[in-house]
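Biologist: I am new to reading protein structures. Could you walk me through some features, one at a time?

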Amino acid sequence: MLTGARAYPVVLVSGVLLSLAFPEPDLAPIAWVALVPLLLALRAKSGERVTAGRGAALGFVFGLGFFATMLYWVSIVGYVAWAFLVVMESAFLALFGTCVALSGRGKRWIALLTPVTAWVAVEFARAHVPVVGFTWGQLAQSQHNLTWMLRPASLGGGWLVAGVVVGINVCLAEHFAHREFFKIAVRWLAPTAVLVLAPLLIPANNATGEALRVSIVQGNVPRNFSGSLFDKELAITQSHRELTEGLVDEHPDLVVWPESSVGLDIRRDPTAESEVEQAASAVGVPMIVGGNTDLDEARYQVVAFQVEPGRGVTDVYVKTHLVPFGEYVPGRGLLDWIPMLDQVPRDAVAGSEHNVFDIDGAKVATVLSFEGDFGDLVRKPIAGGGRLLVVATNTSTWGNTWASAQHEAFSQVRAAENGVWVVHAALSGISAFVQPDGTVVDETELWTATTMTHDVRLAESITLYARVGDWFPLLCIVMTVFALISSRPRRDRHQEGSGTR
């Protein structure tokens with residue numbers, strides 16, 4: 001067992017190791033074992049208990065190692081922001097450690113099941129609070145290239161994938177805890193193998209509907225640009241227009257421009273409007289274009305335009321799930337004294353509903369950047385009729401870090417969850433086409449101006465998760481609460497009676 005103070009450095013290192021399962025190290029099987037030291041440290045020895053405080057401390061230290069490494073790229077916008085985010089997310093794993101420690105006082109089957117349900121419940125909680133939640137570091141993201149491990153997502157979302165991964169860790173922890181008893185130890189290798197292989201029994205997603213030829217235009221962002229902001233935005237749009245004009249011989253049915261490909265409001269700026277209309281006319285097919293619209297000097301909206309040749313903008317989707325402290329400042333009036341918030345001079349205003357674009361009869365659901373990181377948010381327009389998913393994003397702020405690859409991994413999970421093709425269009429890369437089973441069939445390099453065309457198919461049916469939603473994490477919350485209640489220490493009735501004499 002990992003006892004005393006020596007457990008903390010071991011748990012810290014195991015948290016760092018878990019980060020290596022995620023993009024871009026992409027050593028996915030590490031996620032099957034990285035939780036084992038933490039689970040062993042949280043395991044009660046015979047006749048002893050792990051206190052709630054120790055459980056919280058162990059979980060928090062594990063979280064520090066994990067999030068500080070996996071999210072190191074956030075430090076580009078400031079070490080204070082990075083440290084704050086790491087501490088906040090680690091606090092959720094402190095809650096996980098507390099739940100596991102307390103459940104260890106109950107029946108053995110509860111102690112074995114609680115790590116699975118508590119981890120999923122905590123992932124779900126941090127995807128919703130505080131403010132709008134944060135999903136980076138969900139275990140399903142670490143399995144993005146092991147497509148057989150993503151198959152459970154079609155039933156219970158990425159949450160069920162996480163449950164399977166934690167279950168593997170629980171079995172291995174039991175194996176090592178009983179290493180002195182060979183027969184008992186071997187018993188735990190069998191369920192480990194079952195959990196690793198069981199996803200193969202779930203049919204892989206496949207879309208068999210109408211074929212659609214889609215082109216992604218990755219116009220890129222000029223680095224070290226010396227002109228004005230207006231000139232830079234116009235240069236980005238012009239790059240997309242020029243690349244689109246070169247797609248004529250590709251004969252696409254749909255062209256996708258990423259988020260922020262048009263930073264100037266095409267409804268107010270005639271130059272930007274002309275660039276977009278020229279591109280649509282040249283290629284002669286509908287386009288989905290990521291852009292902004294100005295509400296006034298202090299407010300704007302992040303949008304995706306549906307643009308038709310000769311008709312201009314025919315539909316607009318307004319981003320509903322904004323990035324706090326990136327696209328707006330919550331409680332700006334109370335926080336104006338913080339200098340770094342000058343980097344967010346205007347507040348974006350969220351849309352209220354998720355419409356689906358009709359592209360010549362093809363129903364295309366579109367989400368913008370941060371929205372693609374939330375399974376329940378993405379599945380709603382799919383349940384509402386979308387049979388192809390476009391994720392238009394801009395990760396150029398994060399340079400050459402792991403951020404772009406991690407964001408692409410989320411699109412792989414979204415494909416597996418919903419059973420649809422995903423067109424992942426990124427302003428400076430990585431852009432990709434993702435099959436319904438989560439397989440990336442083509443992708444671009446970072447920081448290149450390029451196009452990519454691929455034939456995709458509309459989904460004729462969608463998955464259970466897309467139809468039903470987050471049933472599994474809600475079940476895990478209920479089961480975790482039950483485990484905590486049933487594991488409460490109870491006073492011996494004889495002692496109670498003796499105390500009244």
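Predicted model: local features only at pLDDT ≥ 70, side-chain atom pairs only at ≥ 80, totals over all residues.

Biologist: Is Thr237 buried or exposed?

Modeller: The general idea is that a residue counts as buried when its relative accessible area is under 20%. Thr237 has a relative accessible area of 1%, so Thr237 is buried.

Biologist: Which residues does Thr237 touch, leaving out those up to four places away in sequence?

Modeller: A contact means heavy atoms within 4.5 Å. On that basis, Thr237 touches Trp257, Ser261, Val262, Gly263 and Glu275.

Biologist: Now the cysteines. How many disulfides are there?

Modeller: To call a disulfide, we look for two cysteine sulfur atoms within 2.5 Å. Searching the whole structure gives zero disulfides. Take Cys99: its nearest cysteine sulfur belongs to Cys476 and lies 12 Å away. For Cys171, the nearest cysteine sulfur is also that of Cys476, at 15 Å.

Biologist: And are Cys99 and Cys171 buried or exposed?

Modeller: Cys99 counts as buried, at 8% relative accessibility. Cys171 is buried too, with a relative accessible area of 7%.

Biologist: Which residues line the largest cavity?

Modeller: Among them are Thr147, Leu150, Arg151, Pro203 and Asp437. By type, the lining divides into four nonpolar, three polar and two charged residues.

Methods. Residues numbered from 1 in each chain as written. Heavy atoms only, no water. 1 Å grid on protein atoms, 1.4 Å probe; cavity = no way out; pocket = protein on both sides within 12 Å on 5 of 7 lines; lining within 4 Å. Nonpolar A, V, L, I, M, F, W, Y, C, P; charged D, E, K, R; others polar. Buried < 20%, exposed > 50% of the residue type's maximum accessible area, 1.4 Å probe, protein only.
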